[in-house]
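Here is a short briefing for a first look. Keep the sequence and the model side by side as you read.

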Amino acid sequence: MSTQTSYRKLFGTNGIRGIPGKDLTLEFVTEMAQSIATYFASSEKSILVGKDVRNSSPVLQKAVLSGVLAAGVNAEEADIAPTPAHQFGTRTLGYGGGIIVTASHNPSQYNGMKVLGPDGVEISRDSEKEIEAIYHEKKYRKADWKSVGRSGKETRVVENYITGIMSQVDVSKIADAKPTVVMDIGNGAQAVTAPYLCERMGCKVITVNGQPDGNFPGRGPEPTPANLKDLSEAVKSYHADFGVAYDGDGDRSLFCDENGEIYWGDRTGSLLVDFLLERHKGGPVVTTVSTSQLVGIIAKKHDALVIWTTVGAVDVSRAMINNRAPLGLEENGGFFYGPHIPVRDGAMTTALLLNALASRGLSFSKTITSLPLFYQKKAKFECPNDKKSAVMKELELKNTEGKIDRTDGLKIWIDDHTWILLRPSGTEPLIRVYAESDNEERMNATYDRFQALVKDAIGT
Ligand code: MG
């Protein structure tokens, strides 16, 4: 049927995002929660409502709880925990769905909502559209005084998550290696889980920016190789085996080796894929079109298939489920381990890396430098949301040569090992540019040429 009305989109790449009091008013959040609860109501199970460390998270969590209860659906309130802990809790503690109040890695003024299905994975794009229709048509349930939902506290999320992760790795092998790990928590939600998980597996743990704080006073909620100098320094001065940094809600992780060298997620992710494909023969491995071709090379070595998706954690998770894939990864530090839960998970990734290094018996730097080397550059250019499609159209018209992949944005293969990807961000007013090649000079030349075209198209 093509008569469906299309509504203003409320969900971005990863749920709903905005600034509380401005876009995320209490009225909006409550009615949205009512709409989400209406979507889940048929299961007759409780909804888990979790939160991250942001200053506005407690008030928004109350608004979400009010909305769910007002729709006549039961809800349980969970305390601060990483997004993957709430996701694992939603799946394993018997919930009909989940709502997490979080804005992941966005700056501290932002907040948002991630909506989870009963499997703990963020709901599909079609389900998002269904909820948007319920919201816009005001078709959400309004329970009367005797049928409002009931609520209580869910206190098992953290312990359930830690024991779930430990059941997926060889804890005694990790403990025997007696690793020292420096963790840059970034004042985020992994503060309540990752250090305790690693201590329980026999690691010596040192934390940087270890206090949960909604102002993110340390290095901010988004880890990038450029803002992890404190982590690098701490790893060197404590002679640690490696360092790890998490984003605000703890689903992404970036690592540095024992020399303090920081790697993007596709390089450490490929190291893990190399290790885990021995356990999960044939894969497949799911990743996004912005990820390094290194993943393809590692998978080929193991005769495993790679499925390339649009950029977005939900896209990777859903493709993993549809293809029964045990492994998924993103270049930004998202790694997904299906046997635990097919969502990106910073603490699960840390445990897998500990397992890989303990099994190999080699240092992090030796393990990672054994992988083929590719040169990369990533950048973002400000572009108003309403201008994005015109900019992309112009770039497409100007670039018709080479092998073009339109899975997400415009990916152009310049030669067999050189590509450039131009794509509008799904969450921010930005055009992102990614370049990769096995040849540094060619990578730089390709990047320079295309960043000029992007700037020109945006008109800055
Ligand atoms: Mg995140």
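What spacing do the donors of the magnesium ion follow along the chain? They follow S-x142-D-x1-D-x1-D. The model is predicted.

**Metal site**
- Ser104 (OG), Asp247 (OD), Asp249 (OD) and Asp251 (OD) coordinate the magnesium ion at 2.1 Å.
- Asp247 is buried, and its relative accessible area is 0%.
- Asp251 is also buried, at 2%.
- Two of the donors, Asp249 and Asp251, also belong to a network of salt bridges with Lys114, Glu330 and Arg344.

**Helix H2**
- Helix H2 covers residues 57-70, which makes 14 residues.
- H2 reaches 20 Å from its first C-alpha to its last, close to the 20 Å expected at 1.5 Å a residue.
- Its buried residues include Leu60, Val64, Leu65, Val68 and Leu69.
- Ser57, Gln61 and Gly67 are also among the buried residues of H2.
- The buried residues of H2 pack against helix H1 (26-40) and several strands, including S2 (47-51), S3 (75-80) and S4 (97-101).
- Just after H2, Gly72 has a positive phi of about 80 degrees.

**A five-strand sheet**
- Five strands form an open sheet in the order S8-S7-S9-S10-S11, and their pairing is mixed.
- Strand S8 (204-208) and strand S11 (262-263) stand at the edges; each has a single partner strand, so one side of each lacks a neighbour in the sheet.
- S7 (residues 180-184) and S9 (residues 242-246) pair in the parallel sense over four bridges.
- Phe242 in S9 is the bridge partner of Val181.

**Backbone points in loops**
- The peptide bond from Gly283 to Pro284 is cis, with omega near -5 degrees.
- Pro284 sits in the loop between H9 and strand S12 (285-288).
- Glu44 is not a glycine, yet its phi is positive, near 60 degrees.
- The loop between H1 and S2 holds Glu44, and Glu44 is exposed at a relative accessible area of 74%.
- Asn209 also has a positive phi without being a glycine, at about 50 degrees.
- Asn209 lies in the loop between S8 and helix H8 (229-237).

**Salt bridges**
- The structure holds 30 salt bridges.
- Asp79 and Lys51 meet in a salt bridge at 3.7 Å, N to O.
- Asp79 lies in strand S3 and Lys51 in strand S2, so this pair ties together parts 28 residues apart in sequence.
- Asp79 is exposed, at 55%, whereas Lys51 counts as buried, at 10%.
- Lys62 pairs with Glu77 in a salt bridge, and their closest N and O atoms are 3.2 Å apart.
- Lys62 belongs to helix H2 and Glu77 to strand S3, so parts 15 residues apart in sequence are tied together.
- Lys62 is partly exposed, at 45%, while Glu77 is buried, at 14%.
- Asp408 and Arg423 form a salt bridge at 3.3 Å, N to O.
- Asp408 is in the loop between S18 (403-405) and S19 (410-415) and Arg423 is in S20 (residues 418-424), so the pair ties together parts 15 residues apart in sequence.
- Asp408 and Arg423 are both buried.

**A buried arginine without a partner**
- Arg267 is found in helix H9 (residues 265-276).
- Arg267 is buried yet has no salt bridge.
- The nearest side chain of opposite charge to Arg267 is Glu436, 7.4 Å away.
- Among the residues that Arg267 touches are Leu294, Ile368, Pro372 and Phe374.

Conventions
Residues are numbered from 1 along each chain as its sequence is written. This is a predicted model: local features need pLDDT of at least 70, side-chain atom pairs count only at pLDDT 80 or more; totals for chains, interfaces and linings use all residues. Side-chain values use heavy atoms; hydrogens and water are left out. Donors are N, O and S atoms within 2.8 Å of the metal (3.2 Å for Na, K and Ca); water is not among the atoms, so sites may look incomplete. Buried means under 20% relative accessible area, exposed over 50%, partly exposed in between (1.4 Å probe, protein chains only). Helices (H or I, at least four residues) and strands (E, at least two) are DSSP runs, numbered from the N terminus. Lys and Arg count as positive and Asp and Glu as negative; His and the chain ends are not counted. A salt bridge is a side-chain nitrogen of Lys or Arg within 4 Å of a carboxyl oxygen of Asp or Glu. Contact means heavy atoms within 4.5 Å. The expected span of a helix is 1.5 Å times one less than its number of residues. Two strands pair if DSSP finds at least two bridges between them. Lists of a residue's contacts leave out its neighbours within four places in sequence.
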